[in-house]
Amino acid sequence: MMKLTVNGAPTYCYTGGKAFDPAKPTVVMIHGVLNDHSVWILQSRYLAHHGWNVLAVDLPGHCRSGGEAPESVEEAAAFIAALLDAAGVQRAALVGHSWGSLIALEAAARLKDRVSHLVLVGTAYPMKVSQALLDASLKEPETALKMINVYSRSTLAAPPSALGPGTWVYGASLALGRRVLASNRSVNVFHRGFQACDRYANGEQAIAHISCPVLFLLGAQDQMTQPKAAQGLIARARESGKKVEVVNLPVGHHQMTEIPDETLAAIRDFLRR
Amino acid sequence: MPGYSDPGFDTLALHAGAAPDPTTGARAVPIHLTTSFVFESSDHAAALFNLERAGHVYSRISNPTNAVFEQRMAALEGGIGAIAVASGQAALHLSVATLMGAGSHIVASTALYGGSQNLLHYTLRRFGIDTTFVKPGDIDAWRKAVRPNTKLFFGETVGNPGLDVLDIPAVSAIAHEAGVPLLVDSTLTSPWLIKPFEHGADLVYHSATKFLSGHGTVIGGVVVDGGSFDWEASGKFSELSQAYDGFHNMVFTEESTVGAFLLRARREGLRDFGACMSPHTAWLILQGIETLPLRMARHMSNTEKVVQFLASQPFVSRVGHPLLESHPSHALARKLLPRGAGSVFSFDLKGNREQGKAFIEALKLFSHLANVGDCRSLVIHPASTTHFRMSDEALAGAGITQGTIRLSIGLEDPDDLIEDLKRALKAAEKAGA
């Protein structure tokens, strides 16, 4: 792992069990709302042992990272740029899930040639959050947490999944959400993250300004960010002449944990190109 | 899954962890009786060993049939995952061995299954792990027993055989103040009667031999992690929060924010101690779990009738079930176990040891054996069997006398059970004449 100081705050990055090596290409993995680095457990560990530096970050104000939790996608994107500077990384691939996909998109637009690949997992644009869910995340976070986990789930019978055989992905996601929420006593990071998703309005401009290939990694049964909600962004990327790949996995919104192998294969193959 | 819906307990008991087999279309869970699994490539093999990819390597560590059982138990308990092991005792040992080594200390309830008491009082002491036993209802005693090297609180949801209900909210609060988890043996209650995680427990285990299997056919155990305990913040569990030479220098708490215990328990405990479950056993237990809700409801209705019958008999001096207001845990049971406090309980005859023997030997439907949680009704004399290694003082601490009889109420017609008990009570009275 790496502990960095970014914008004056302690920042935690899981490195997949390998020390950071400046000679290797780098992948930054950005989690979604009420998640942390550990949602990438298998993909990050694999990439770290197959030629990549991995920086699976805990966003500011989440779990092991200090600092103020980002209020907007733009603020979080600025943090990612600062993270690269703090780590001494000139160029990196950005991989983001859900809220993290918007952060990766915005960061890629700002960093331009400093980003080699952009992977948007479980993305949608606009990523509108219903008022009922926004309210629940603030006033009844436990209820809202259960709601989003049900919306995210595609099966009662996940195959060997992260953490490995015997894991009940639904329960693991609930437990992680509770832990992340409890990790910040001054800010409800659940509500703040959802607000940031809901308010982000620069997606189409951002996708037109990226200068790297982009992979859309979608869940065919995703009820949180339905594949149809990503089509506008995909079309805009293609219209802008970007190199676009789209992979639809037979899964819901828990891509990295419900079908980790297929998710890894899609990311790995894209990064190799 | 469109819309907001969360499957209920009965649905999870049938479906959690299992889907039609993608290769054959088999609807029931296949039994994967294989020791090992073919790697796709050398890279795949290395990635599986290094926890870069999920999958099965060797059935001591994991197996697809066992994984269904593990997911189902985690779903029913409200946990994050589970590990199937060879027995309930193996589940207790795996839990302890994952969290501590020599020089550590446990605070445990006095009201434990005799095998658990043996492990803590005798065997683990030989390995340098000390245990202080406290009466489960003496909340101050739990607090006072904490030492700087305490690593675990441990009790049974309902103590065997007195059915002292563990005040999980109160005991877990003290455990958490001390920075240690509460491990609960929920064998006698099953998740149908109580989900200990909802009340503050951190780890739950079962002897799956009992109600989960339900048919007295196989020995098995399972430990479930609630994913709520913060091992890193506690500062007491370097086993989980420091790099482990024995497994790729992995720091389990970094690898998984909520699943560090399960990672180490499987990657060290199953690997090295080897108390794994046979896939055939896992399959038989899954058959039991599919009808767990139906069976538990019948266990409880039968128990209520038998308890009321025994409580009305002049030759019975005490019936130890929280259904009765006379039981010290009556109020707590109503709060934590609204569906009932289980179908395993004890009662005392007004008679001597010989009359106790006459009672047991006169029974025809109740089987005299050392098990509980079978679909058939069972009976045993704890002082001469399950708890025979315990001193009189320890027996008294567990609420057992020389005349105590333990029953496990099965699924037979309740009138037939009561008739059997009537006959045996008469025989016991005659034996004292």
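**Figure 1. The loop of A:Asn7 in the predicted model.** In this predicted model, A:Asn7 lies in the loop that links strand 1 and strand 2 (9-14) of chain A. The phi angle of A:Asn7 is near 55°, a positive value in a residue other than glycine. In general, most residues other than glycine have a negative phi.

**Figure 2. Two cis peptide bonds in chain A.** A cis peptide bond leads from A:Tyr125 to A:Pro126, with omega near -5°. A:Pro126 is placed in the loop between strand 6 and helix 4 (131-139) of chain A. The peptide bond from A:Ala162 to A:Leu163 is also cis, and its omega is near 10°. A:Leu163 belongs to the loop between helix 5 and helix 6 of chain A. In general, most peptide bonds are trans.

**Figure 3. The open sheet of chain A.** The sheet consists of 8 strands in the order 1-2-4-3-5-6-7-8, and the pairing is mixed. Strand 1 (2-6) and strand 8 of chain A are the edge strands; each has a single partner strand, so one side of each is left without a neighbour in the sheet. On average, neighbouring strands of this sheet are turned by 25° against each other, direction ignored. Strand 3 (residues 26-30) and strand 5 (residues 92-97) of chain A run parallel and are joined by 5 bridges. Within strand 5 of chain A, A:Gly96 is the residue opposite A:Ile30. Helix 3 (residues 99-111) of chain A lies across strand 3, strand 5 and strand 6 (115-121) of chain A, and runs at about 150° to strand 5 of chain A.

**Figure 4. Strand 7, helix 9 and strand 8 of chain A.** Strand 7 (residues 214-219) and strand 8 (residues 244-249) of chain A are paired in the parallel sense over 6 bridges. A:Leu217 has A:Val247 of strand 8 of chain A as its bridge partner. Helix 9 of chain A lies across strand 7 and strand 8 of chain A, at about 155° to strand 8 of chain A.

**Figure 5. The side of chain A that touches chain B.** Contacts link 37 residues of chain A with 43 residues of chain B. On the chain A side, helix 1 (41-48), helix 5 (141-152), helix 6 (169-183) and helix 11 (260-272) each supply at least two residues. Helix 6 of chain A provides the largest share of this side, 5 residues. By class, the side of chain A that touches chain B comprises 20 nonpolar, 11 polar and 6 charged residues.

**Figure 6. A β-α-β unit in chain B.** Strand 2 (residues 105-109) and strand 3 (residues 130-134) of chain B pair in the parallel sense over 5 bridges. B:His105 stands opposite B:Asp130, which belongs to strand 3 of chain B. Together with helix 5 (residues 114-126) of chain B, strand 2 and strand 3 of chain B make a right-handed β-α-β unit.

Figure 7. Strand 8 of chain B is antiparallel to strand 9 (residues 344-349) of chain B, and 4 bridges connect the pair. B:Val316 stands opposite B:Leu349 of strand 9 of chain B.

Figure 8. The axes of helix 14 (residues 292-311) and helix 18 (residues 414-431) of chain B come within 10 Å and cross at roughly 30°. Helix 14 of chain B is therefore roughly parallel to helix 18 of chain B, and their crossing is right-handed. Among the residues making this contact are B:Val306 and B:Phe309 of helix 14 of chain B, and B:Leu417 and B:Leu421 of helix 18 of chain B. By class, this contact has 7 nonpolar, 1 polar and 1 charged residues. Helix 16 (residues 353-362) of chain B packs against helix 18 of chain B at an angle of about 150°, with the axes 8 Å apart. The crossing of helix 16 and helix 18 of chain B is right-handed. Residues meeting here include B:Ala358 and B:Phe359 in helix 16 of chain B, and B:Leu425 and B:Ala428 in helix 18 of chain B. The contact of helix 16 with helix 18 of chain B has 8 nonpolar, 1 polar and 2 charged residues.

Definitions and conventions: Residues are numbered from 1 along each chain as its sequence is written. Chains are lettered from A and ligands numbered from 1 in the order in which they are written. This is a predicted model: local features need pLDDT of at least 70, side-chain atom pairs count only at pLDDT 80 or more; totals for chains, interfaces and linings use all residues. Two residues are in contact if their C-beta atoms, placed from the backbone, lie within 7 Å. Ala, Val, Leu, Ile, Met, Phe, Trp, Tyr, Cys and Pro count as nonpolar, Asp, Glu, Lys and Arg as charged, and the others, Gly among them, as polar. Axes are lines fitted to C-alpha atoms, for helices over the stretch in contact, and angles run from 0 to 180 degrees between N-to-C directions. Angles under 35 degrees count as roughly parallel, over 145 as roughly antiparallel, 65 to 115 as roughly perpendicular and the rest as oblique. A crossing is left-handed if the near helix is turned anticlockwise from the far one by less than a right angle, and right-handed if clockwise. Two strands pair if DSSP finds at least two bridges between them. A crossover is right-handed if, with the strands pointing away from the viewer, the path from the first strand over the helix to the second runs clockwise.
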